[in-house]
Amino acid sequence: MSKINFRKKYFTAIGVTLLTMVITACNNSAKSQLPSANRPSVANLSDTSNPTSPPVSSTQNSANSQSSEQQAVQVIHDYYDAIARQDYKQAYLAWDGDGSASKESFEEFKQGFANTVSVVEEVGKPGSLEGAAGSLYIEIPVTVTNVTSNGTPQRFHGSYKLRRVNNVPGSTPQQRRWHIYSANISLEQ
């Protein structure tokens, strides 16, 4: 065999080997990236800003969870602030489904506060965030003290369950905000 044929076969073999290594490396890289690119992380499901945001650490998840809890608690504060200002429309809209979760029409809801002169809420420690069917839920305990128009103080105790839609395709910013989903409030005797 001549030196030229030997060199030709030698360099061809090296070229084929290098080409095989490059193709294998590219395939392995693509395989390792595809599942994570198509599978949303927990951070992406609860993040309201960007559905393709990078995964976050557990410390950031804890901060996001605390932030989400604080946002839910703020809904309760805003709800009772609106009632205290007699802005019943804003209070009504704090309920899921533009008020329909209250199971009252707006007029019925408004009439329920007709004798309320003042109202103050105390919010307890929120429960854990729970997820189901593309939504997050949280239960928030409250104690509410109000004074009626005849001067009678009333004290209510119970909890609200709040709901927000995760950052899923097709969800709107309004759906991704916390809303009152249900209430279990009773008058203390």
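A cavity here is a set of points, on a 1 Å grid over the protein atoms alone, where a 1.4 Å probe fits but cannot get out, and lining residues have an atom within 4 Å of a point. Grid points are joined across faces, edges and corners, and a volume is the space filled by probe spheres set on the points. The model is a predicted one, where local features need pLDDT of at least 70, side-chain atom pairs count only at pLDDT 80 or more, and totals for chains, interfaces and linings use all residues. Residues are numbered from 1 along each chain as its sequence is written, and side-chain values use heavy atoms, with hydrogens and water left out.

**View 1. The whole chain, before zooming in.**
The protein chain has five helices and five strands, and reading along the sequence gives α-α-α-α-α-β-β-β-β-β. Helices (H or I, at least four residues) and strands (E, at least two) are DSSP runs, numbered from the N terminus. Of the 189 residues in the protein chain, 28% are buried; buried means under 20% relative accessible area, exposed over 50%, and partly exposed in between (1.4 Å probe, protein chains only). As for contacts (heavy atoms within 4.5 Å), take those in the protein chain with a separation of 6 or more: 52% of them are between residues 24 or more positions apart.

**View 2. The largest cavity and its lining.**
The count is one cavity of 30 Å³ or more, and the largest cavity holds about 40 Å³ of space. Its lining is made up of I83, A84, Q86, Y88, T116, V117, S118 and V119. Two or more lining residues come from each of α3 (58–84) and β1 (116–123), with β1 giving the largest share, four residues. Sorted by class, the lining has five nonpolar, three polar and no charged residues. For that sorting, Ala, Val, Leu, Ile, Met, Phe, Trp, Tyr, Cys and Pro count as nonpolar, Asp, Glu, Lys and Arg as charged, and the others, Gly among them, as polar.

**View 3. T116, one of the lining residues.**
T116 sits in strand β1 and is buried, with a relative accessible area of 13%. Leaving out residues up to four places away in sequence, T116 touches Q86, N146 and V147. Among these, Q86 also lines the largest cavity.

Strands count as paired if DSSP finds at least two bridges between them. Strand β3 (residues 135–148) and strand β4 (residues 153–165) run antiparallel and are joined by 13 bridges; L136, for instance, has R164 in β4 as its bridge partner. The hairpin of β3 and β4 has four residues between the strands, and G151 there takes a positive phi near 90°. β4 also pairs with strand β5 (residues 179–187), again in the antiparallel sense, over eight bridges. One of the positions to look at is K161, whose bridge partner in β5 is S182.

**View 4. F156 and its neighbours.**
F156 is in strand β4 and counts as partly exposed, at 23% relative accessibility. F156 and L187 are 31 residues apart along the chain, yet their C-alpha atoms are separated by 4.3 Å. With residues up to four places away in sequence not counted, F156 touches V142, T143, V144, N146, I185, S186, L187 and E188.

**View 5. The salt bridge of D96 and R163.**
Searching the whole structure turns up three salt bridges, a salt bridge being a side-chain nitrogen of Lys or Arg within 4 Å of a carboxyl oxygen of Asp or Glu. In this one, the side chains of D96 and R163 meet at 3.1 Å, N to O. D96 lies in the loop between α4 (88–93) and α5 (106–111) and R163 in strand β4, so the pair ties together parts that are 67 residues apart in sequence. Both D96 and R163 are buried.

**View 6. The salt bridges of E188 with R155 and of D87 with R85.**
The closest N and O atoms of E188 and R155 are 3.4 Å apart. E188 is in the segment after β5 and R155 in strand β4, so this pair ties together parts that are 33 residues apart in sequence. Both partners come out partly exposed: E188 has a relative accessible area of 38%, and R155 is at 37% relative accessibility. The side chains of D87 and R85 meet at 3.5 Å, N to O, and D87 is partly exposed, with a relative accessible area of 28%.

Conventions:
On a 1 Å grid over the protein atoms alone, a cavity is a set of points where a 1.4 Å probe fits but cannot get out, and a pocket is an open set with protein on both sides within 12 Å along at least five of seven lines; lining residues have an atom within 4 Å of a point.
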